[in-house]
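Thanks for coming. I will go through one model this morning, starting with helix packing and ending with the metal site.

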Amino acid sequence: MTSHTDLIAALPKAELHLHIEGSFEPEQMMELAERNKIALPFKTLEEAKAAYDFDNLQEFLDLYYAGMAVLQTEQDFYNLTSAYLHRVTQDNVRHVEMFFDPQAHMERGVPFGVVADGILKALSDGEKELGITSKLIMSFLRHLPEDDGFALLEESTPWHDRFVGVGLDSSEMGHPPAKFAKLFQRCREMGFKLCMHAGEEGPPAYIREALFDIAVDRVDHGNRSMEDPALIDHLRDSQMTLTNCPLSNLSLCVIDRIEDSPVKRMLDAGLHVTVNSDDPAYFGGYMNQNFEAVADALNLNRNEIIRLAKNSFEGSFLTDAEKAAHLAAIDATTAT
Ligand code: HPA
Ligand code: ZN
């Protein structure tokens, strides 16, 4: 609890950086492991939670890919997605733009359609039953070759009208945005929005590539832009949305202490920063816990917290009219 707990709870929010496979809670994971007769690297909940102690991105990714191996059927992907939507409805998340990692499932023999249809059905039911809207972003795994990304793009063709955009995630170091310049160029021509993880571990040069070589619509994380004053100026002038993830940053040792989160420095520099959960089941918190962590550690004031909520809708891929409706709802919530 912080002095801003009630405000954070009351604010409508959009989540713009969420990997659905990273919302896989160990309880549900163990249940599906049992149902699908697949072994996990841990036997008890305590063992699972003890394993969630990471020194860097790669240590997390190794466990993330091992955990998602128990997802086999359309029903599994439905249950995973549905659980996330129910959970964040409690946090007053009204809209989510969700990444999924099809290559991590297809290399285990799970067909693309099983993954996508399970997620899409849950998103559709979530909108009907919970009133939460959503968009899906297909992510390419950057540790794999660009040609594999082209193959995924081809195989996913029948579903293209159900994705708003594409993303780039997994191991950042050694896999710069420019490795995927042709693939992202093709995706842009096809009408997809472009997102890339950049500057989580990778240097400011990776953020520059994402901006200037790829022309991304959003930068995921973007932490290390704060090392490059000219880049900060560009991000301010362009009002590029950065999807920061405070508890993820802490968990993956991108920052040593939550007080080192760049969210306040980004706000002070006039950057269009948002707060998100990334992989909430692994990093110890959903949306409101991420808001609370930075509000508390960085002494954010009421206006800064409201600004973060507004940025989440402004930075979304909703239409201008939809954005305006959400922004008006925030004003109605915060009118004194
Ligand atoms: N970074 C890179 N790849 C990822 C992440 C992340 O935080 N979460 C899931 N895939
Ligand atoms: Zn991420």
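**Helix pairs and a zinc site**

Helices H2 and H5 are roughly antiparallel to each other, because an angle over 145 degrees is counted that way. Their axes cross at roughly 170° and come within 12 Å. For orientation, H2 covers residues 26-36 and H5 covers residues 74-89. This is a predicted model, so please keep that in mind throughout.

Which residues make the contact between H2 and H5? From H2 they are Gln28, Leu32, Arg35 and Asn36. H5 supplies Gln75, Asp76, Asn79, Leu80 and Ala83. By class, that contact has 3 nonpolar, 4 polar and 2 charged residues.

The next pair is H16, residues 302-314, and H17, residues 320-334. Here the axes are 9 Å apart and the packing angle is about 160°. That angle makes H16 roughly antiparallel to H17. The crossing of H16 with H17 is right-handed. On the H16 side, the contact is made by Arg302, Ile306, Ala309, Lys310, Phe313 and Glu314. On the H17 side, the residues are Lys323, His326, Leu327, Ile330, Asp331 and Thr334. Sorted by class, the contact of H16 with H17 comes to 5 nonpolar, 2 polar and 5 charged residues.

Is the crossing of H10 and H11 left-handed or right-handed? It is left-handed. H10 contributes Pro204, Ile207, Arg208, Leu211 and Phe212, and H11 contributes Ala230, Leu231, His234 and Leu235. This contact of H10 with H11 divides into 7 nonpolar, 1 polar and 1 charged.

Now the metal. Which residues coordinate the zinc ion, ligand 2? They are His17, His19 and His197, each through NE2, and Asp278 through OD, at 2.0 to 2.2 Å. The angles among the 4 donor atoms run from 83 to 174°, and the site is irregular. Along the sequence, the spacing of the donor residues reads H-x1-H-x177-H-x80-D. Histidine 19 sits in strand E1, residues 13-19, while aspartate 278 is in the loop between strand E8, 272-275, and helix H14, 280-283, so this pair ties together parts that are 259 residues apart in sequence.

That is the set I wanted to show. I can take questions now.

Key. Residues are numbered from 1 along each chain as its sequence is written. Chains are lettered from A and ligands numbered from 1 in the order in which they are written. This is a predicted model: local features need pLDDT of at least 70, side-chain atom pairs count only at pLDDT 80 or more; totals for chains, interfaces and linings use all residues. Side-chain values use heavy atoms; hydrogens and water are left out. Axes are lines fitted to C-alpha atoms, for helices over the stretch in contact, and angles run from 0 to 180 degrees between N-to-C directions. Helices (H or I, at least four residues) and strands (E, at least two) are DSSP runs, numbered from the N terminus. Angles under 35 degrees count as roughly parallel, over 145 as roughly antiparallel, 65 to 115 as roughly perpendicular and the rest as oblique. A crossing is left-handed if the near helix is turned anticlockwise from the far one by less than a right angle, and right-handed if clockwise. Contact means heavy atoms within 4.5 Å. Ala, Val, Leu, Ile, Met, Phe, Trp, Tyr, Cys and Pro count as nonpolar, Asp, Glu, Lys and Arg as charged, and the others, Gly among them, as polar. Donors are N, O and S atoms within 2.8 Å of the metal (3.2 Å for Na, K and Ca); water is not among the atoms, so sites may look incomplete. Four donors count as tetrahedral if all angles lie between 85 and 135 degrees; four count as square planar and six as octahedral if opposite donors are over 155 degrees apart and all others between 65 and 115; anything else is irregular.
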